[in-house]
Amino acid sequence: METALRQTPEKRQVFFLTILLLWGEAGSETIRYSMPEETESGYLVANLEKDLRLRVGELATRGAQIHYKGNKELLQLDTETGNLLLKEKLDREELCGVTEPCLLHFQLILENPVQFFQTDLQLTDINDHSPEFPHREMLLKIPENVQPGTVFPLKAAQDSDIGNNAVQNYTVSSNLHFHVVTLSRADGRKYPELVLDRALDREEQPELTLTLTAVDGGSPPRSGTTTVRIEVLDINDNAPQFVQSLYEVQVPENSPVDALVLTVSAMDLDAGIHGNVVYSLFQGGGASQPFVIDGVTGEIRLSKQLDFEVTNHYNIEIAATDGGGLSGKCTVAVQVLDVNDNAPELTIRKLTSPIPENSLETVVAVFSVSDPDSGDNGRVVCSIQNDLPFLLKPTFKNYYTLVTEGPLDRESRAEYNITITVTDLGTPRLTAQHTITVQVSDVNDNAPAFTQTSYTLFVQENNSPALHIGTISATDSDSGSNAHITYSLLPTHDPQLALSSLISINADNGQLFALRALDYEALQTFEFRVGATDQGLPELSSQALVRVLVLDANDNAPFVLYPLQNASAPYTELLPRAAEPGYLVTKVVAVDHDSGQNAWLSFQLLKATEPGLFTVWAHNGEVRTSRLLTERDAPKHRLLLLVKDNGDPPRSASVTLHVLVVDGFSQPYLPLPEVARDSVQDEDKLTLYLVIALASVSSLFLLSVLLFVGVRLCRRARASSLGGCSVPEGHFPGHLVDFSGEGTLSQSYQYEVCLREGSGTGEFNFLKPMIPNLLLQDAGIETKESPHYRDSFVFS
């Protein structure tokens, strides 16, 4: 063998037999190369870049891989040069046995895009095996009365080579009695038969020794020899005969050792020792057979386990030999039946992880499946779980790709454990599983979401600057920088609201701060919008409304509208001496710029010249008499009132009132001096008393006239079926009450006055007090003027 290899020129022995024989779904090609077996490792088989018409370096950039079943690395691909090299010596007999042609199937896998090429390497046989006989010596017992021309079968030599390199001819050493003929079986194998040329004579030569030579057809030819020893027997004229010359039987490959395969039977018409038949395995299909035969009963049993995937058919030759040395033969054809004893195999070729969640029909994995069984036992079905967004697609022969069915959502599921199940169609079905883990990478497909669509924050007025008033919060379902949120204040559409001087926000955590002190009386509420933006690409954002309510603090004391305390002259109220208890002297009017309970006002009398004479209603500020006046009561009174709000702590303001007691509204108005000037000269007191008396008499006279006129008018009105009372319009005497702003009540209230009929005391009813317009305008309060308050009264 080595000599033959040395004589072979060291040149590339590659035959580019077939290109583009098969185009599969992945755009595949089938390329076949040929080379002799036993070639040294490192041998250049082919240059795939040239044969596949690929660009230089494309095999490397597309991650080319060569795969052979069982993951045996028989060939090596240099992706840089494109050379396909032999990695180790290949023995055709070991790889293919008697199969011809001997084809090794390789797959070339390219990525980006995924592409498959089928590559077949045919190993041609070289004459590296010599014929070998199963035994060094064969014994033939031939009766002496055998006629010339009788044929004696001989055991054939075995040669692992095939074709012309197998056994082609048999020869026998030179002798006078026999020659050998070479015959062919149905499968093409040669076997020898010994033919008697001349009758034997036991007395002349009881034993012969011949050399049988088997020669193959190689160049140079190889040969093997064995010794044929012939014993000449006494007469035995009947050879054993089998019941049938060919037996056919089917045996499952999973049959146990020592299982009965078949029982053969042969008969011999001779009697005695010449009629006793002994069975033996005469000729088999290989050097080693998994069968034994019982020489007496003819039962053929298994000597070792069968394997359909190794050998699926056996031809056994059985010899039946009688005691006289005559023999007959038959053939037993054993068909090995395949059983589903091999589970499918799955091999991952490529795995991509992680994959972006927005990927469409992305190839996740490439894998191949195989099953060495045959028929339905070797057909496989691939599947994955039904609840996964992935699909299995067949691509090239037994290759599959796992692709995404549609876009994925990392926020719903960030990892998939995909179990690929491969099941054959045999009985029982065998299954193989392989689990791969696919990670889903995040893309920025979720905008930040606020925990609330709007926020309401409460801030006490007069707060300290940089006060934390609240926190807004947003979440983002994405991960990493896509979920990192930055908060900001959005521009406001209100030009009067200087938001940047009022509020600031922490961009990292959404905390809101008041930049300066807020004043409830100036700004009670305001709104603005905040934004939350992630750091993905592109950036996504959302908005939320923030409403800030300023809470009132009791920071304003009550303000007295009436009577004004900053006037140059003190206010003086007139009180008739005949006033009944509960007589309304005046009403203190005050406001508070605060709100709520901070603006609820209460009135309290702190100090009075005559304790017990006056009372103040706590809720409306009305000052009334609590009893009748007496002669001993002082004519001048000074009242100190406290106006207090309901805040915490409460704030207050004081009011000073001057009250002058008169005997009637006819008494001239005498402006009171300051309280400090209570000492009058004795000579002035007398003049004052005279003036008061004169004014009182004049007032009583005028009042009597008015009463008389009023009574007459009322009676006349009743006679005319009219209700109520009236007096002609006219000016009331200006020295008593002047509604134009100079009378005794001009700076406090105006009243509608009606003198009721039958009133013996001449009392006044004060109705609907009204604050003068000028005073109310100073306080910022709108008023409407009543036509009845100008120079007229309505009497009833």
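Is Phe-291 buried or exposed? Phe-291 counts as buried because its relative accessibility is 3%, where buried means under 20% relative accessible area, exposed over 50% and partly exposed in between (1.4 Å probe, protein chains only). The model is predicted, so local features need pLDDT of at least 70 and side-chain atom pairs count only at pLDDT 80 or more, while totals for chains, interfaces and linings use all residues. Residues are numbered from 1 along each chain as its sequence is written, and side-chain values use heavy atoms, without hydrogens and water.

A search of the whole structure gives 11 aromatic pairs. Rings of Phe, Tyr and Trp (its six-membered ring) pair if their centres lie within 6.5 Å; planes under 30 degrees apart count as stacked, over 60 as edge-to-face and the rest as tilted. One of the pairs joins Phe-291 and Tyr-314 edge-to-face, with 5.3 Å from centre to centre and 85 degrees between the planes. This pair links distant parts of the chain, 23 residues apart: Phe-291 is in strand β20 (residues 291–293) and Tyr-314 in strand β22 (residues 313–321). Strands (E, at least two residues) and helices (H or I, at least four) are DSSP runs, numbered from the N terminus. Tyr-314 counts as buried because its relative accessibility is 15%.

Elsewhere, ring pairs connect Phe-116, Phe-396 and Tyr-399 in a cluster. At Trp-617, the charged end of Arg-624 sits over the ring, 5.0 Å from its centre; the cut-offs are CZ of Arg or NZ of Lys within 6 Å of the ring centre and within 35 degrees of the ring normal.

Phe-708 belongs to helix α6 (residues 682–719). Phe-708 is exposed, because its relative accessible area is 53%.
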